Amino acid sequence: MRFLLMRSMLIHPCGGSIINVRSTTTSAQYVASRSRDPVFEKLMDKYKNLLKVIAIQDLILANPTADPPSLSIDFLSRLSQKLHLNRGAASFLRKYPHIFHVLYDPVKAEPFCRLTDVALEISRQEALAITATLSLVVDRLVRLLSMSISKSIPLRAVFKVWRELGLPDDFEDSVILKNPHLFKLSDGHEPNTHILELVQEEEKKLEFEAAVEKWRVVECSKEDCCVDRTELQFSFKHSYPPGMRLSKTFKAKVKEWQRLPYVGPYEDMVGKKKNRSGVMGIEKRAVAIAHEFLSLTVEKMVEVEKISHFRKCFGIDLNIRDLFLDHPGMFYMSTKGKRHTVFLREAYERGRLIDPNPVYDARRKLLDLVLLGRHAALSESGNTSMSEQE
């Protein structure tokens, strides 16, 4: 089931024609026809190499046999294709001398790589930030489970987004097992699979407020608020890519959609009419869940493929990627780096989070090192970081 409201009214940025029927457009064409946002595209251009750096960093830190942790370049070379290191592992490592140190082990007669002291310190700062905000981490996981219809999620799905949620790498022990009053692991229907369940006590029903509710409260309290409160009750914040052409019909349809009632992401669907507000209401609930999911992430962004693993748990019968494309005022999807990454538009301004957090700040420091490349290190006199300058 696919909802055609938004895409049917979008004006094709290339030719100016209106896309009226989704069936005449392939998924690839629909992705290609989206309006580009240069700020998010530039940000993702930086992130695509950062993600490769993080993948190698994790491999190095996961090696318990060396002190300090190191990794054979020969082993890394065998993973070049999987890590998308087009020119090979050694060439990629040499591009980032502020992050990786390449050395030759005369005993084993082969080259190795390890993290520089600066990169190790940034990794330590991120780990400390996660530990310091462990209560928030627990809250994110409880909220994620609360959005599930069955209040349970396959553990492998959580593993897909553990970094996005700011979970510690040992979250099975440090978060799940240490909070038996909140979480329970059970065997799945398939071999070697586990299900993470939310422990619910009847006398302690958990009630959560979605992130969008905070925005609505702020908007209502503004002195210059010109939006009717009844209209704002079911609205979401919208901002569109620069240069995107919005027809009067499109604006009218969006306004109609904004007023549409829906079942919130934390509201129990059991006992409620599934057809509340019809197909549009079901679609809007899916949008609300996606919005809340992104709000729970540390960087307000996630790969579309990763969030797709939660569709069944959240009761979303729609194509997640198309859902993001249908709502360009709320989400922005980039295809850079051979992956589809979606951003929560309202959380960003000029390529940075409006409301940063300690974990995000640590990761931005690593991004600064990536942007330095082979250039000289930043001076210690408090110069502005490269990620802020660009």
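**Reading strands, helices and pockets**

User: Which residue of S6 stands opposite Lys184?

Analyst: Glu197 in S6 stands opposite Lys184. Strands (E, at least two residues) and helices (H or I, at least four) are DSSP runs, numbered from the N terminus. Two strands pair if DSSP finds at least two bridges between them.

User: What kind of model is this?

Analyst: This is a predicted model, where local features need pLDDT of at least 70, side-chain atom pairs count only at pLDDT 80 or more, and totals for chains, interfaces and linings use all residues. Residues are numbered from 1 along each chain as its sequence is written, and side-chain values use heavy atoms, with hydrogens and water left out.

User: How many bridges join S5 and S6?

Analyst: Five bridges join S5 to strand S6, residues 194-198. Their pairing is antiparallel. The bridge partner of Ser186 is Ile195 of S6. S5 and S6 also form a hairpin, with six residues between them. In that turn, find Asn192: its phi is positive, about 60°.

User: Which residue of S6 stands opposite Pro154?

Analyst: Ile195 in S6 stands opposite Pro154. Look at S4 and S6 next: three bridges link them, in the antiparallel sense.

User: In what order do the strands of this sheet lie?

Analyst: The order is S4-S6-S5, in an open sheet of three strands with antiparallel pairing. Strand S4 (152-154) and strand S5 (183-187) are the edge strands, each pairing on one side only. Neighbouring strands are turned by 25° against each other on average, direction ignored. How is an angle taken? Axes are lines fitted to C-alpha atoms, for helices over the stretch in contact, and angles run from 0 to 180 degrees between N-to-C directions.

User: Which helix packs on that sheet?

Analyst: Helix H7, residues 134-147, packs on the sheet and touches S4, S5 and S6. Its direction makes about 100° with that of S6. Contact means heavy atoms within 4.5 Å.

User: What is the strand order in the sheet that holds S1, S2 and S3?

Analyst: The order is S1-S3-S2, in an open sheet with antiparallel pairing. S1 and S2 are the edge strands, and each pairs on one side only. Neighbours in this sheet are turned by 30° against each other on average, direction ignored. Now trace the pairs. Strand S1 (residues 70-72) meets strand S3 (residues 110-115) over three bridges. Ser70 stands opposite Arg114 in S3, and Ser72 stands opposite Phe112 in S3. Strand S2 (residues 100-105) pairs with S3 over six bridges. Arg114 is the bridge partner of His101. S2 and S3 form a hairpin with four residues between them, and Ala109 in the turn has a positive phi of about 55°.

User: Which helix lies across S1, S2 and S3?

Analyst: Helix H3, residues 38-61, lies across these strands and runs at about 105° to S3.

User: How do I describe two packed helices?

Analyst: Use the angle between their axes and the distance between the axes. Take H3 and helix H17 (residues 358-372): their axes come within 9 Å and cross at roughly 100°. H3 and H17 are therefore roughly perpendicular to each other (65 to 115 degrees; under 35 is roughly parallel, over 145 roughly antiparallel, the rest oblique). Contact residues include Leu43 and Tyr47 of H3, and Tyr360 and Arg364 of H17. By class, the contact has ten nonpolar, two polar and two charged residues. Ala, Val, Leu, Ile, Met, Phe, Trp, Tyr, Cys and Pro count as nonpolar, Asp, Glu, Lys and Arg as charged, and the others, Gly among them, as polar.

User: What shows where empty space is left?

Analyst: Rolling a probe the size of a water molecule over the atoms shows it. On a 1 Å grid over the protein atoms alone, a pocket is an open set of points where a 1.4 Å probe fits, with protein on both sides within 12 Å along at least five of seven lines; lining residues have an atom within 4 Å of a point. The largest pocket holds about 1,500 Å³, the space filled by probe spheres set on the points, which are joined across faces, edges and corners.

User: Which residues lie nearest the centre of the largest pocket?

Analyst: Leu51, Ile54, Ala55, Asp58 and Arg163 do, out of 45 lining residues. H3 gives the largest share, 13 residues. The lining divides into 21 nonpolar, eight polar and 16 charged residues.
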